[in-house]
Amino acid sequence: MILLDGKRTSEAIQQEIAAEVAEIKAHGGKIPHLAAVLVGNDGGSVTYVTNKVLACEKVGFGSTLIRYEDDVTEEELLVKIQELNANDEIDGFIVQLPLPRHINTQKVLEAVDPRKDVDGFHPANVGRMVAGLTSFLPATPFGILQLLERYNIETSGKHCVVIGRSNIVGSPMSILMAKAAYPGNSTVTLCHRNTVDLAYHTRQADIIISAVGIPGLLTADMVKEGAVVIDVGTTRVPDDSRKSGYRLRGDVDFENVAPKCSYITPVPGGVGPLTIAMLLKNTLRAAKREIY
Ligand code: GUN
C-alpha cells in the first residue's frame, strides 16, 4: 500500500508556482493577484480562506481578503463582484461557499467574470470543461488529477467509481475521469444518495473517489483488493483531546481499508492540501491568460 502524500505533492506544486512568480518578477511582469470573498464566520470556511491567503504569500502572489457579516445583502455582494471583475489588479477571485441561505448562490457565481473564475464554478467554465475546451478546472478535482498523474497511477480503461455528485467535486470529477486524456480514460460510475446498493458498485471499482462528507462511509468489505482509494471527505468530529476540540475524518474507514489498497489518500494530508495548490495554479493561469 502506498500513501498518496498530498502535502508533499502540494508543496512541490507550490514550489513550481513560486519559481514561475520569481521569473515573472525578474522580468518586471505583473505579480498574480488572488482575491477571496468570505461571508460569515463558519469555522471551516474561515480556516480554508485564511489558508488560501497565506498560500498566496508563500508563492509570492498578491492577495486580498474581503469579509462580510452573515447579514450582507445579495446586492452588496453583486456590487463587490462587479468591482472585482473590473479591477485590473485582480487576476482571479473566489467566493467561498457555502453562502447564507438568503443569498442566491447561483446568481453570485454567474456574476463572476469567467476569465477571473479561478474556482471554475461559472457555467461558462463548467460548459467548456464538459466540451473538452481549455477552462479553469475546479481545484479539488484538478488536485486529484495531479495526484494520479504525479504517482503515475494507471487510469486508462480502469473502472472509476465516484461517490457524491456535488458541483464542486463529484460531478466534475466524474466528467474529467471519463475524458480521453491521462489521467482519465476511465469507465466511470457516479454514485449518490439515491444509489441502490453502493457496495455493489464500489466492489467493482479499480479507483474509488469519495466526496460525500459521511465519516467512515466506505468500509473494507466495499473495496476490491488492490483498489486506489481517494478520500475527499473532511468532516469535523468532536475530539476533546485536541486544542481545537475537533479532528478531521474522511469518508473512508482508513484503518481497515488501507491494507487492501494499492494507493490511498490519508485525511488530513491527502486531497485537502492539493486544493489550495490548484487554486494558486488557476490564478497563475488567469494571470498568464492561458484560458481566455
Ligand atoms: N467550499 C468548499 N470547497 C470550496 C471551493 O473549492 N471553493 C469555494 N469557493 N468554496 C468552497
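Modeller: Two ground rules. Residues are numbered from 1 along each chain as its sequence is written. The model is predicted, so local features need pLDDT of at least 70 and side-chain atom pairs count only at pLDDT 80 or more, while totals for chains, interfaces and linings use all residues.

Biologist: What makes β2 and β3 a pair?

Modeller: Strands are DSSP runs of E, at least two residues long, and helices are runs of H or I, at least four residues long, numbered from the N terminus. Two strands pair if DSSP finds at least two bridges between them. β2 (residues 33-39) and β3 (residues 62-68) share 7 bridges, in the parallel sense. Therefore they meet the rule for a pair. A36 stands opposite L65 in β3.

Biologist: How do you know that β2 also pairs with β4?

Modeller: 4 bridges join β2 to β4, and these strands run parallel. The rule asks for at least two, so they pair. Here A36 stands opposite I94 in β4.

Biologist: Which order do these strands take in their sheet?

Modeller: The order is β3-β2-β4, in an open sheet with parallel pairing. β3 and β4 are at the edges because each has a single partner strand, so one side of each lacks a neighbour in the sheet. From one strand to the next, the twist averages 15°.

Biologist: Why is the unit of β2, α2 and β3 called right-handed?

Modeller: Point the strands away from you. A crossover is right-handed if the path from the first strand over the helix to the second runs clockwise. β2, helix α2 (residues 43-59) and β3 make such a right-handed β-α-β unit.

Biologist: What is the order of the sheet with 6 strands?

Modeller: The order is β1-β11-β8-β7-β5-β6; this sheet is open, with parallel pairing. Its edge strands are β1 (2-3) and β6 (187-191), and each pairs on one side only. Inside the order, 4 bridges join β5 (residues 159-163) to β7 (residues 207-210). I163 stands opposite S210 in β7.

Biologist: Why are α1 and α6 called roughly perpendicular?

Modeller: Axes are lines fitted to C-alpha atoms, for helices over the stretch in contact, and angles run from 0 to 180 degrees between N-to-C directions. Angles of 65 to 115 degrees count as roughly perpendicular, under 35 as roughly parallel, over 145 as roughly antiparallel, and the rest as oblique. The axes of α1 (residues 6-26) and α6 (residues 139-150) cross at roughly 95° and come within 11 Å. Therefore α1 and α6 are roughly perpendicular.

Biologist: Which residues of α1 and α6 meet?

Modeller: Contact requires C-beta atoms, placed from the backbone, within 7 Å. G6, T9 and I13 in α1 meet Q146, L147 and R150 in α6.

Biologist: Why are α1 and α10 called roughly parallel?

Modeller: α1 and α10 (residues 271-287) pack at an angle of about 15°, with their axes 7 Å apart. The cut-off is under 35 degrees, so they are roughly parallel.

Biologist: What is the hand of the crossing of α1 and α10?

Modeller: It is left-handed. A crossing is left-handed if the near helix is turned anticlockwise from the far one by less than a right angle, and right-handed if clockwise.

Technical notes
Contact = placed C-beta atoms within 7 Å.
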